[in-house]
Amino acid sequence: MEKIILFYLSDCPYCHYAQRAVKELKEENDAYGEINIEWVEENRKPEISAQYDYYYVPTIFYGKEKLYEAHPSEDYAACKKNIKSALDKIINNK
């Protein structure tokens, strides 16, 4: 299955939403579990995060295509919906 990169910060509340959303989505649909997600903590791997163009975390890339970037006031429901949309794009492109 395709690989995506999900950038996050360990102390970011929106990133905690993303972790919860990915877990729930995988429980809801086995196809999401087949997607290889590389979780990159940007402070621990700045050499990787510097290669991508984004401002907010969490952010999801498929190759160099940005599928999702959180916004500051985004609630959990919006985060989950946007992550689902990004994962659906991967599933539908295989």
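Let's start inside the sheet: Phe-7 stands opposite Thr-59 in β3, where helices (H or I, at least four residues) and strands (E, at least two) are DSSP runs numbered from the N terminus. This is a predicted model, in which local features need pLDDT of at least 70 and side-chain atom pairs count only at pLDDT 80 or more, while totals for chains, interfaces and linings use all residues. Residues are numbered from 1 along each chain as its sequence is written, and side-chain values use heavy atoms, with hydrogens and water left out.

**The sheet**

- Four strands form an open sheet in the order β2-β1-β3-β4, with mixed pairing; two strands pair if DSSP finds at least two bridges between them.
- β2 and β4 (65–69) stand at the edges with a single partner strand each, so one side of each has no neighbour in the sheet.
- From one strand to the next, the twist averages 25 degrees; axes are lines fitted to C-alpha atoms, for helices over the stretch in contact, and angles run from 0 to 180 degrees between N-to-C directions.
- β1 pairs with β3 (residues 59–62) in the antiparallel sense over three bridges, and the bridge partner of Ile-5 in β3 is Phe-61.
- β3 and β4 are also paired in the antiparallel sense, over four bridges.
- Across that pairing, Thr-59 stands opposite Glu-69 in β4, and Ile-60 has Tyr-68 in β4 as its bridge partner.

**Helices on the sheet**

- α1 packs on the sheet and touches β1 and β2, its direction making about 165 degrees with that of β2; contact here means heavy atoms within 4.5 Å.
- α4 packs on the sheet too, touching β1, β3 and β4, and its direction makes about 155 degrees with that of β4.

**A closer look at α1**

- How far apart are the end C-alpha atoms of helix α1? They are 23 Å apart, which agrees with the 22 Å that its 16 residues (13–28) should span at 1.5 Å a residue; the expected span is 1.5 Å times one less than the number of residues.
- Cys-15, Ala-18, Ala-21, Val-22 and Leu-25 are the buried residues of α1, with buried meaning under 20% relative accessible area, exposed over 50%, and partly exposed in between (1.4 Å probe, protein chains only).
- These residues cover an arc of only 110 degrees around the axis, which puts them on the same side of α1; the arc is that of the directions from the helix axis to the C-beta atoms.
- The face turned away from the buried side of α1 carries the exposed residues Lys-23, Glu-27 and Glu-28.
- Cover for the buried residues of α1 includes β1 (3–8), α2 (30–33), β2 (36–41) and α4 (76–92).

**The nonpolar core**

- The largest nonpolar core has 32 residues, and those with the most contacts inside it are Phe-7, Ile-35, Ile-60 and Ile-83; such a core is a set of buried Ala, Val, Leu, Ile, Met, Phe, Trp, Tyr and Cys residues joined through side-chain atoms within 4.5 Å.
- β1, α1, β2, β3, β4 and α4 each supply at least two residues of this core, and its largest share, seven residues, comes from α4.
- Ile-83 is in contact with Ala-18, Ala-21, Val-22, Leu-25, Ile-60 and Tyr-68, leaving aside its neighbours within four places in sequence.
- Leu-6 lies in strand β1 and is buried, with a relative accessible area of 1%.
- Not counting residues up to four places away in sequence, Leu-6 touches Val-22, Ile-37, Glu-38, Trp-39, Val-40, Pro-58, Thr-59 and Ile-60.

**Backbone spots to check**

- Most residues other than glycine have a negative phi, and most peptide bonds are trans.
- The peptide bond from Val-57 to Pro-58 is cis, with omega near 0 degrees; Pro-58 has its place in the loop between α3 (46–49) and β3.
- Ser-73 is not a glycine, yet has a positive phi of about 155 degrees.
- Ser-73 is found in the loop between β4 and α4 and is exposed, with a relative accessible area of 68%.
- In the hairpin of β3 and β4, with two residues between the strands, Gly-63 takes a positive phi near 65 degrees.
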